[in-house]
Every structure is written in structure tokens, then in C-alpha cells.
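Here are a few friendly notes to read alongside the model. Keep the structure open and look up each residue as you go.

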Amino acid sequence: MRNVWIIIKRETLSYFATPLAYVFIVIFLALSGALAFFIGRFMSREQADLIPFFDYHPWLYLLLIPAIAMRLWAEERKTGTIENLMTLPISTVEAVVGKFLAAWGFTGLALALTFPMWISVNVLGDPDNGVILASYIGSLFMAGAFLAIGSCISALTKNQVIAFIISATVCFLFTMAGLELVLNFFRLWAPDLLVDTIASLSFLTHFTAVTKGVIELRDIIYFASMIAVWLLANVVVVDVRKAA
Amino acid sequence: MSTMIELDHLTKRFGALVAVDDISMSVSRGEVLGFLGPNGAGKSTTMKIVAGFLEPTSGIAKICGHDVTVDPVAVKRRIGYLPEGAPTYGDMTPISYLGFIAEIRGFDGAEKRRRVDMSVERLGLERVLRQPIETLSKGYKRRVGFAQAILHDPEVLIMDEPTDGLDPNQKRLVRSLIHEMAAEKAIVISTHILEEVDAVCNRVVMIAGGRLLADGTPASLRARAKDHNALLLRVVPDKVEAARVKISAIDGVSTVETVTRRDGAVILRVPAGTNAATVVAALGAENIAVEELMNEVGMLDDVFYDITAHAAHRENPYA
């Protein structure tokens, strides 16, 4: 646990040592606000909730999270620091979890900085703050799942651009899996069981459920197990490359 | 002597390529082992396996009795490893980077500060402590990497080309550090700079094509050179031919070569095994004065070439 904490500290420091952290946070805030106000018609809907804000999170994450995740391992491989890191007395699990938690914490910070949205909606009306809290938690977990996917894929290559494109694609597939458009295509020929499985794997299905205000255990378990599975794959990828 | 590093039939394959081919050897405390070989010989791969960065395809690598594949963390605790090119986190400053290394090595509070200070002082990093590492010169970057490797005072120190790309003064610093630490550690350095072997190593291992080809002290390897211990004589210029004939007549002397030195002087080279006194006496009898008499020291370069080039030859079926 101590080692994980030390890795988290080092990683977090390095986010803020470069413009990366600031650029990410500014873009995240600007885009999430712009999407909510202009496309989500946050004001003209005249409803005191943050649905137009949270609705765009999956799409925002699709663009921004792979950008955070792509450097996690690919950059270490490119610069050779992975040889330094992995010859320190830490286990692969500690390295993987530490890097992930640092990135997740950082994303959480960006998300927390959207609090003016929450203040505005409370000033303008009388929203259900329970729903908003649930949505924030759901959004954070969804970001974690995106990150875990991105981290695992980043470990496969030393090229950050490739890591970005592949993670974005995989995340896109997981998000899209819940859209009627995709499900209808499968309904044409696939058995119901398969269609249900695909739908149940979708980020969108689970996230929409959470933003409706019902934090159901199964949605959180879904995102938590997505994170666990992808991080496990991440550990395997790092270890396999050691033996290759 | 206690054995610190033990390699037992270590082999590493990358697909069809055999990078390390059945290497067995051991290194004890107090030894500074120079790992010599041409580029691509398998030096780095072997060191990466010992440091726990790569896993061997077969064979065993043990550090202080711990198997690298079975208990990598125990091994990594006991090793200081400087990878080739000394990669460090460029966006960090030396002070925060060394702090991170100290923490991960298990040092806290005052002990952490003491360790960092010691490394900083040993490598002379005081002036650059708060500059991002990526803005430092190559020499300083290398020193930061070196500081990282010795911070926990490891029993085993593995360094992949520690002086590569450094200027002569920086090389001297690194070599004197190795000297200082040599007594209580087992140190392995890889290099293809042969003078370095003479400067710091008390043992040399040559590998090529992944195979161990020679193992001994620098002197014993040098003795393998063709002209090692040959007699070199300089006589007055107009007596060179006469002297050559005279020496050739001595019993047991097969050939006497004449070599023109860079400064223009003509030197006679008598193969090793001939008594210098006999030669001088024979020339004295003819009134040929010997102006200079030397023993040729075998060149490690030549030994290196003989050993590794032959290996390359064997590897290549079309050669």
C-alpha cells in the first residue's frame, strides 16, 4: 500500500510539472460547460437539474480520457524510464494500481472543479441534490472504467498516438453498445441473451441508469468490475512483455 | 569471498534470436567485472535479466541467493541498476526524483534526507537540485541516474555503459566512484571502451553472439595477445639491418620484424620468449648499441578483436 501511495504521489507531481494538467482541466471545464449550455440547452430548458450536463460526459470522456491514459505506460516505454521503474522493489500490481489511481484522482479533480454548475443550478432553482451526487459518483466511476481501458492499452505500445486511437476506439465500442442503433442491428439476428449481454456491457446503459438518480449497486459493481478486469489485463500485459 | 551474482545456464530468446546463450558465471563481493562485447553481444540483455527487468527464457539468475524469477522484489532491493542511457523522469527535479527513489527504497524522514544528501554529495549534484532533469546536460543526467543506483548502498551494482557519452573528466569521476565502492560490493559494468577495463575492472568477461568467450583478469586476457611480451629494440639507424641479421642468428628466435614507429624510428621486434640479456650481449659483441629496450604489452583491443571477431565469424554461415 505504501508503494502505491508513493507512485501516486510521483505521478501526480508529474501531471502538474508539465502544462498537461492545466490544459486538461481547462479543456474539460470549457467543453463540459459548452456542451451543457449550448447543445444541452441547460438554460432554455428551464429545469433545475444537471441532466444536460451529465448527458455529455460519456462523449467528453471518449475524447479526453484516452488522452490522459495514453501516456501512462507508453511514455515510460518510449523514454526508457520503465526500466528504471520496474527495477525498483515494487510489484507490477503496485505500479499499475498506483498509476491508475493517480490518473483517476486527477480526473476526479477535474470533475470536482465543475462545481459551479452545481452552484448555479441550486441558485436558479431547487434541484434534487441526491440525483446530482449520484450522477457525480456515476460519472467518476465511468471515467475510471475509461481510464482502466486506456491504461491497459497504453501498456501494449510505446507509441502514444496508437495508444490514444485504440483506447478511444475500444471506449467508443463500450459506450455505443447501449445505443438502440447498435442493439437493433444485433436484434435482427442474435438471440435475446446476446443482445442483453451487449446492452449490459454498455457504459451508456449503466451511466444513464445512475443519472436518473438511482445508484443501484449493480451499476457501481459494473463499473468497478470493468476497472478491475482492465487493470488485471494491464498487469498481465506488463508482465508478459517482461517475459517476451 | 561470498558469491553475490550467480548465473546458471542463463538463456534468453527473442523469437528466433538467441540474445543470451547458456551463460554461467558468478561474481563475488569485491569484484569489479567488466562486461565486454561488441554491440548486440547480449550484454544489456544479460544485465536486464539480472536486474529483474526481463525474464530469462531458461536458466537461473540468483542475486544474494534470491532467484530473480521467483522473488524479483527481494532481488531488486539488493541491486542498484543503472540502465543504458540512464533514463530518469525528465519532468522531475533531481531532488524530487531522488526523494521518490529513497521512499520507494523504504527510507523515511531523516533517513530519507540523509540518503538523498549522501547521493547528491557523492555525485556533486548540489548545483542542479531544483532544475528539471530534462534541462540538464548529459553528464548531469547520467550522474542523477548514478545517484539513484547507489542511494540505498546496494550490495550489487549493475551499470550498463555508465561512462558512455561522458567527457573525460566525468568519466574520471564515475571511475573513481566505482573504485571507492568496489571493496564492499559486487559491481558489473558493461562497456565497449577497453581503456575503462584497465581503469576500473579486476575481472573481464567477454561475450559475443550471446556466448561467454573469455573470463579472467585484464592481465591474463592481455597475455593472450599475439605480441604480448615481445622484445622491442631500437638501435642506431644505420645498424638496423646488421642487428636484425645478428638477432636472427640467436638460437630459438624465429623471426625478427622491423616496425617503423610513428615518430620515424625503426624498431626491431623479437618474439616473446627470447632473453633480453642474450640479445643485448649478442649486439654488444658487434658493437651495436641498444638505445631503447622495451617489453611489448599486449593490446586488449587485439584480444577483443581476436575473440569476438572469430565468434562473429562462426555465427555467420556465409562468411
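1. pLDDT is the predictor's confidence in each residue, on a scale from 0 to 100. Chain A has a mean pLDDT of 89, and 100% of its residues reach 70 or more. Among the elements of chain A, helix H7 has the highest mean pLDDT (96), while helix H11 (residues 180–187) has the lowest (80). Helices here are DSSP runs of H or I with at least four residues, strands are runs of E with at least two, and both are numbered from the N terminus.

2. Some ground rules. This is a predicted model, in which local features need pLDDT of at least 70, side-chain atom pairs count only at pLDDT 80 or more, and totals for chains, interfaces and linings use all residues. Residues are numbered from 1 along each chain as its sequence is written, and chains are lettered from A and ligands numbered from 1 in the order in which they are written.

3. Now find helix H2 of chain A, residues 20–39.

4. Which residues of H2(A) are buried? They are A:Phe28, A:Ser32 and A:Ala36. A residue is buried if 20 or more other C-beta atoms, placed from the backbone, lie within 10 Å of its own, exposed if 12 or fewer, and partly exposed in between. Seen down the axis of H2(A), the buried residues fall within an arc of 40° (taken from the directions from the axis to the C-beta atoms), so they line one face of the helix. On the other side, exposed residues include A:Tyr22 and A:Phe38.

5. Next, where the chains meet: 22 residues of chain B are in contact with 20 residues of chain A (contact means C-beta atoms, placed from the backbone, within 7 Å). On the chain B side, the largest share, four residues, comes from H3(B).

6. Finally, two backbone angles to check. Most residues other than glycine have a negative phi. B:His9, in strand S1 (residues 3–14) of chain B, has a positive phi of about 50°. B:Glu161 also has a positive phi of about 50°, and lies in the loop between strand S7 (156–160) and helix H6 (168–182) of chain B. Are these residues buried or exposed? B:His9 counts as exposed, with 12 C-beta neighbours inside 10 Å, whereas B:Glu161 is buried, with 23 other C-beta atoms within 10 Å.

Technical notes: Contact = placed C-beta atoms within 7 Å.
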